Amino acid sequence: MKDSTVIVVGGGVIGAACAHYLVKAGRKVTLIEKDLFGHACSLHNCGYVCPSHALPLTEPGAVGTAIRGMFKSNSPFSVKWRLDPKLALWFFRFARRCNKKDMLQGGKAIHPLLVSSLKLWKEIIHKDKLSCEWKSKGLLYAYASKKAFEAFAATDELLRHHFNESATRHEGDALQELEPALKPGLAGGWHYEGDAHLRSDLLMASWKQNLESKGVEIHEKCTLTGIIENPDSSVTVSTDRNLFEGSHLVIATGAVTPHLREELGWRAPIQPGKGYSITMPRPRICPEIPVIFPETKVGVTPFESGYRLGSTMEFAGYDESLNPKRYGLLLKGAEDYLQEPHCEPIENIWYGWRPMTHDSIPIIGPCPGRKNVILATGHNMLGLSMAPGTGKLVTEMITGSKPHLEPAPYSPERF
């Protein structure tokens with residue numbers, strides 16, 4: 001029945017979370033995915049579930065750091081310059097927010113969604129028995145430079161004061177005592193013990209089976225071609241295969257949401273930020289705690305069944321190529337920190353387009369001009385970390401339940 005069916009477009013982690021909570025609320029769900037469920041940016045990411053990432057990218061000095069990095073051949077940040085007014089406008093708006101006031105405002109929107117999602121992840125994985133190698137070992141920021149290590153103290157104090165997220169400081173030899181896989185002689189690290197991690201490809205495979213067992217209809221290789229809002233307030237969705245009808249439509253299409261401008265009648269102000277990962281077996285000396293190396297912007301995730309290096313940020317539009325230079329930075333970026341930074345064989349080299357908003361805040365709420373079309377996109381680099389909170393909030397909007405989070409900061413109307 002269309003009066004109880006919700007159509008979800010997008011089979012990534014956000015779409016899956018929306019389907020999960022909609023079914024839990026008693027709605028029927030039809031999920032449409034133009035590729036394969038659980039692929040794109042949800043497939044081989046670093047898997048962090050990290051309330052410690054409360055601060056947006058729009059920190060003071062971010063523009064200068066980015067510009068300097070763009071002229072370095074080994075910079076983890078890259079822009080493929082081209083005549084693109086939308087990209088120029090995105091960077092202009094981003095630059096205007098690189099101040100402490102706007103940074104904290106962004107953090108106050110991001111952090112509640114992260115905290116909610118961490119709690120909800122634990123509930124989902126326990127109750128639905130999702131197979132994803134969940135571990136609650138925290139997240140470690142490791143530094144080679146004494147100056148950079150000490151400079152992070154100001155960020156830690158800000159996180160502690162404004163968001164109640166505090167790290168344990170480990171200086172010098174104490175860092176290697178905490179994580180013996182690190183090289184000796186590093187300056188120190190900051191361990192956010194409340195963070196967690198999981199293996200995203202296993203999660204999505206397990207979640208797909210779980211959703212289908214609950215009656216969710218998943219249509220893969222099915223592309224949205226049109227949206228019609230009917231006189232009775234229902235929504236008809238046309239695809240390249242057939243028509244679907246429901247009471248509401250959820251758009252959870254990540255970085256490709258701007259491609260739906262004609263169908264939505266609204267263009268999402270999102271730029272694709274291309275990130276890479278490399279997956280391999282666990283090295284002989286393998287970290288037990290996920291580690292980020294802020295000086296090289298490389299993240300390391302140890303799984304029970306493997307080992308992953310990830311990160312970099314490339315604004316190259318919707319480029320589908322694998323750039324050897326970019327993923328080479330991941331290998332090099334871990335070598336100064338780990339005793340065995342990588343090993344053979346390389347099992348997978350992957351990229352994903354992160355849906356980047358200029359304020360680092362996701363877009364969750366009714367699409368402007370379409371009250372029964374709900375957007376759930378623009379999660380930047382934190383889609384996995386924010387997915388359950390997003391799914392629950394979207395469901396509350398559709399069912400009219402009291403929202404567990406204040407929805408205003410995420411509204412598309414802010415643009």
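The secondary structure of the chain comprises 10 helices and 20 strands, where helices (H or I, at least four residues) and strands (E, at least two) are DSSP runs numbered from the N terminus. The radius of gyration, taken over C-alpha atoms, is 21 Å, close to the 22 Å that the globule rule gives for 415 residues, so the chain is as compact as a globular protein of that length. The globule rule is 2.2 Å times the number of residues to the power 0.38. Along its principal axes the C-alpha trace spans about 70 × 45 × 40 Å.

This is a predicted model, in which local features need pLDDT of at least 70 and side-chain atom pairs count only at pLDDT 80 or more, while totals for chains, interfaces and linings use all residues. Residues are numbered from 1 along each chain as its sequence is written, and side-chain values use heavy atoms, with hydrogens and water left out.

**The sheet**

An open sheet of 6 strands has the order β9-β2-β1-β13-β20-β19, with mixed pairing; two strands pair if DSSP finds at least two bridges between them. β9 (217-219) and β19 (363-367) stand at the edges with a single partner strand each, so one side of each is left without a neighbour in the sheet. From one strand to the next, the twist averages 20 degrees. Strands β1 (residues 5-9) and β2 (residues 28-32) pair in the parallel sense over 5 bridges, and Thr5 stands opposite Lys28 in β2.

**Helix packing**

Two packed helices are described by the angle between their axes and the distance between the axes. Axes are lines fitted to C-alpha atoms, for helices over the stretch in contact, and angles run from 0 to 180 degrees between N-to-C directions. Contact means heavy atoms within 4.5 Å.

| Helix pair | Angle | Axis distance |
|---|---|---|
| α1 (residues 13-24) and α7 (residues 200-213) | about 30 degrees | 11 Å |
| α4 (residues 100-128) and α10 (residues 383-399) | about 85 degrees | 7 Å |

The angle for the α1 and α7 pair makes α1 roughly parallel to α7 (angles under 35 degrees count as roughly parallel, over 145 as roughly antiparallel, 65 to 115 as roughly perpendicular and the rest as oblique). Their contact is made by Val13, Ala16, Ala17, Ala19 and His20 of α1 and Leu203, Met204, Trp207 and Leu211 of α7. These residues divide into 8 nonpolar, 1 polar and no charged. Ala, Val, Leu, Ile, Met, Phe, Trp, Tyr, Cys and Pro count as nonpolar, Asp, Glu, Lys and Arg as charged, and the others, Gly among them, as polar.

Helices α4 and α10 are roughly perpendicular to each other. Their contact includes Leu113, Leu120 and Trp121 of α4 and Met386, Pro388 and Lys392 of α10. By class, the contact has 10 nonpolar, 5 polar and 1 charged residues.
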